[in-house]
Amino acid sequence: MLKYIAKRIGLAIVTIWAVATLTFFLMNMVPGGPFLSEKAISPQATAALEAKYGLDKPLFQQYLTYIGGAVHGDFGDSLKQRGRTVTDIILMKFPVSARVGGLSVLVALTLGVPLGCIAALKRGKFLDSLISVVATCGIAVPSFVICTVLLYIFGVNLKVLPTIGLTSWKNYIMPVMALSFYPTAYIMRLMRSSMLDVLGQDYMRTAKAKGVSGFVSLFKHALRNAILPVVTYVGPMLAYTVTGSFVVEKIFTIPGLGGEFIGAINGRDYTLIMGTTIFLATLIIVMNVVVDIVYKIVDPRIKLK
C-alpha cells in the first residue's frame, strides 16, 4: 500500500511539472505581449516593464526562474493588478469558488446516490422512467442554460432569490443548483447501472434467500460495491465543479477565481493565467491520487500495483 502511494505521489509530481512546463511555453508562444493593451505606451516604457518582470531575459532562464518560484508557491506578480502577487489573488478568490463547488459536490452526492438506488430498485416503473428522464436532461443541458432558466424563474418572475453576488445564504441557491445539476444527473445514471449489476450478483440472491431484509441487503451489501464507480467519478467531478464554476460565477457575478481567470485572459495577464492553471491542475491531480487511495479503502479486494 505504501509503495503504491509513493508511486502515485511521484507520478503526480511529474504530471504537475509537465503541466507547468507546457503552460509556460504555450503562454510564451501566444502572439503579442502582456503590455499591448496599455494606452500610448512607448518602446522605452515597454522595455522597462519587461525588465521589471524579468521578461527581457532568455526564455529558458525565465522558465527556470518561474519553476523555481512555483515550487515554493510563488507564481510571480500580476502583470495587470499592480502591487498584487498571483498567489495572493488565488488565496483570496479560491475560497469563494471552493465554497460554491463544495456545496455543489455535496448536493450532487446527496441526491444522485439515493435517486440512482431508487431508480434501480424501481426498474421499469414510473419512478425509474422519471428519474431517467431527469438524468438525461441534466447531462444534455449545459450549465449556462440552467443558469438562464433559474434566473428567469426565481429571479425575474417569482423574485424570491437574489441574482448577483454572495451576500447571504440565498445567493448560493441558484449557483449551487446550476453547478450541481450535471454531476447529480451523471451520478444518478452511474449509480442506477452499477446497482442493477450488483443486485443481480449471487451474493445478493443468497442474502435474500437467508431472509436478510431489503434495507440491510441494500445498504450493507449492495451499496458498498455499487458505489465504486461513483468514487472513481468524484475526482473528475471536483474538477468540473471548480473549472465549470467559471461560467456560473460570471453569470451570477460571484467574486471567485473564475472571474479573475476570465479577466486575466481578456487582459493578457500571463502570470495570473499560468498560476491559476497550475493551481487548478495541481488540485485535480491531488484529488485523483486521493480517489485512488480511497478506492482501496472502500474495496479491500482491489489489488494495487
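Y63 is a buried residue, with a relative accessibility of 8% (buried means under 20% relative accessible area, exposed over 50%, and partly exposed in between, using a 1.4 Å probe and protein chains only). F60, by contrast, comes out as exposed at 54%. F60 and Y63 both sit in helix 3 (residues 59-71), and because they are three residues apart there, about one helical turn separates them. The model is a predicted one, in which local features need pLDDT of at least 70 and side-chain atom pairs count only at pLDDT 80 or more, while totals for chains, interfaces and linings use all residues. Residues are numbered from 1 along each chain as its sequence is written, and side-chain values use heavy atoms, with hydrogens and water left out.

A search for aromatic pairs across the whole structure turns up eight.

Another tilted pair is made by Y186 and Y233, with 4.5 Å between the ring centres and 35° between the planes. Here the partners come from distant parts of the chain: Y186 lies in helix 7 and Y233 in helix 10 (residues 228-243), 47 residues apart. Y186 is partly exposed, at 31% relative accessible area, whereas Y233 is buried at 11%.

As for the overall fold, the chain has 13 helices and zero strands. Helices (H or I, at least four residues) and strands (E, at least two) are taken as DSSP runs and numbered from the N terminus. Along the sequence, the pattern reads α-α-α-α-α-α-α-α-α-α-α-α-α. Of the 305 residues in the chain, 38% count as buried. Looking at contacts (heavy atoms within 4.5 Å) with a separation of 6 or more, 75% are between residues 24 or more positions apart.

Turning to helix packing, helix 5 (residues 126-140) meets helix 7 (residues 173-199) at an angle of about 135°, and their axes are 8 Å apart. Axes are lines fitted to C-alpha atoms, for helices over the stretch in contact, and angles run from 0 to 180 degrees between N-to-C directions. Helix 5 and helix 7 are therefore oblique to each other (angles under 35 degrees count as roughly parallel, over 145 as roughly antiparallel, 65 to 115 as roughly perpendicular and the rest as oblique). The crossing of helix 5 past helix 7 is left-handed, a label used if the near helix is turned anticlockwise from the far one by less than a right angle, with right-handed used if clockwise. Helix 5 contributes D128, I131, S132, V134, A135, T136, C137, G138 and I139 to the contact, and helix 7 contributes F181, Y182, A185, Y186, M188, R189 and R192. Sorted by class, the contact of helix 5 with helix 7 holds ten nonpolar, three polar and three charged residues. In this scheme Ala, Val, Leu, Ile, Met, Phe, Trp, Tyr, Cys and Pro count as nonpolar, Asp, Glu, Lys and Arg as charged, and the others, Gly among them, as polar.

Helix 4 (residues 86-121) packs with helix 12 (residues 257-267), the axes coming within 7 Å and crossing at roughly 130°. That angle makes helix 4 oblique to helix 12. From helix 4, the contact involves I89, I90, K93, F94 and S97; from helix 12, L257, G258 and E260. The class tally for helix 4 with helix 12 is four nonpolar, two polar and two charged residues. S97 itself is buried, with a relative accessible area of 2%. With neighbours within four places in sequence left aside, S97 is in contact with E249, G256, L257 and G258.

Two loop residues deserve a word on backbone geometry. K159, in the loop between helix 6 (143-157) and helix 7, has a phi near 55°, a positive value in a residue other than glycine. K159 is exposed, at 65% relative accessibility. T253, placed in the loop between helix 11 (245-252) and helix 12, likewise has a positive phi near 55° without being a glycine. T253 counts as partly exposed, at 48%.

Key: Rings of Phe, Tyr and Trp (its six-membered ring) pair if their centres lie within 6.5 Å; planes under 30 degrees apart count as stacked, over 60 as edge-to-face and the rest as tilted.
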